Amino acid sequence: MRNIFDLQMFHFLKFRRKTSYHQGLGRCLEEATPLMNIQSSQLKSIQKIRNKGLKLLSSGGEDLGEIWSRRPLDEYLIVYAAANVMVMLPMKDAWEKDSSSALIEKVAQITEDRINLAICDDKVLRPTPRRV
């Protein structure tokens with residue numbers, strides 16, 4: 001398995017908080033922004049898209065899995081997902097600069113293990129249903 005890397009796990013292991021809670025992409029982006037090579041105007045546009053997308057995802061009390069599996073996918077959710085992807089590689093690059101190869105290898109292995117587990121049990125990577 002190649003080119004799959006769990007940024008959430010990378011963040012968790014690299015910055016070890018006193019909690020077992022994994023930060024979401026928004027918080028990771030907030031912390032990585034000063035290290036990333038992204039223009040502030042581009043970052044503001046991405047944040048605006050993310051905020052609108054998050055509002056869309058949280059309105060109506062629907063299960064996130066249902067929202068993402070509905071076809072055709074809402075056009076704005078495609079834009080939201082693309083905006084998220086645009087920041088992921090610069091975020092990974094910024095964090096890798098001062099990370100040990102052992103940490104990077106560990107995250108790669110955890111990522112591969114989680115994907116293999118998900119292939120065997122498709123419930124593993126599904127978001128937990130929200131309580132309304």
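**Terms and their grounds**

Analyst: Residues 24 or more positions apart make up 67% of the contacts in the chain with a separation of 6 or more, a contact being heavy atoms within 4.5 Å. The model is predicted, so local features need pLDDT of at least 70 and side-chain atom pairs count only at pLDDT 80 or more, while totals for chains, interfaces and linings use all residues. Residues are numbered from 1 along each chain as its sequence is written, and side-chain values use heavy atoms, with hydrogens and water left out.

User: How many helices and strands does the secondary structure of the chain come to?

Analyst: The chain has six helices and zero strands. Helices (H or I, at least four residues) and strands (E, at least two) are DSSP runs numbered from the N terminus. Along the sequence the pattern is α-α-α-α-α-α.

User: What makes Lys 92 count as buried?

Analyst: Buried means under 20% relative accessible area, exposed over 50%, and partly exposed in between, with a 1.4 Å probe and protein chains only. Lys 92 has 18% relative accessibility and therefore counts as buried. Lys 92 lies in helix H5 and, leaving aside neighbours within four places in sequence, is in contact with Phe 5, Leu 7 and Phe 10. Of the 132 residues of the chain, 26% count as buried.

User: Why is Leu 43 called buried, and which residues does Leu 43 touch?

Analyst: The relative accessible area of Leu 43 is 12%, so Leu 43 is buried. This residue of helix H3 touches Leu 29, Thr 33 and Ile 38, not counting residues up to four places away in sequence. Leu 43 and Met 86 are 43 residues apart along the chain, and their C-alpha atoms are separated by 9.7 Å.

User: Is Phe 15 buried, partly exposed or exposed?

Analyst: Phe 15, in helix H1, has 28% relative accessibility and so counts as partly exposed.

User: Why are the buried residues of H6 said to line one face of the helix?

Analyst: The buried residues of H6 are Leu 103, Val 107, Thr 111 and Ala 118. Seen down the axis of H6, they fall within an arc of 75 degrees, so they line one face; the arc is that of the directions from the helix axis to the C-beta atoms. These buried residues pack against H1, whereas the face turned away carries the exposed residues Ser 101, Ala 102, Glu 105, Ile 119 and Cys 120.

User: What marks the peptide bond between Arg 71 and Pro 72?

Analyst: The bond joining Arg 71 and Pro 72 is cis, with omega about 0 degrees. Pro 72 is in the loop between H4 and H5.

User: How much space lies in the largest pocket, and what lines the pocket?

Analyst: On a 1 Å grid over the protein atoms alone, where a 1.4 Å probe fits, a pocket is an open set of points with protein on both sides within 12 Å along at least five of seven lines, and lining residues have an atom within 4 Å of a point. About 1400 Å³ lies in the largest pocket, a volume being the space filled by probe spheres set on the points. The lining has 31 residues, of which Asp 6, Gln 8, Leu 25, Asn 84 and Met 88 lie nearest the centre. H5 gives the most to this lining, with seven residues.
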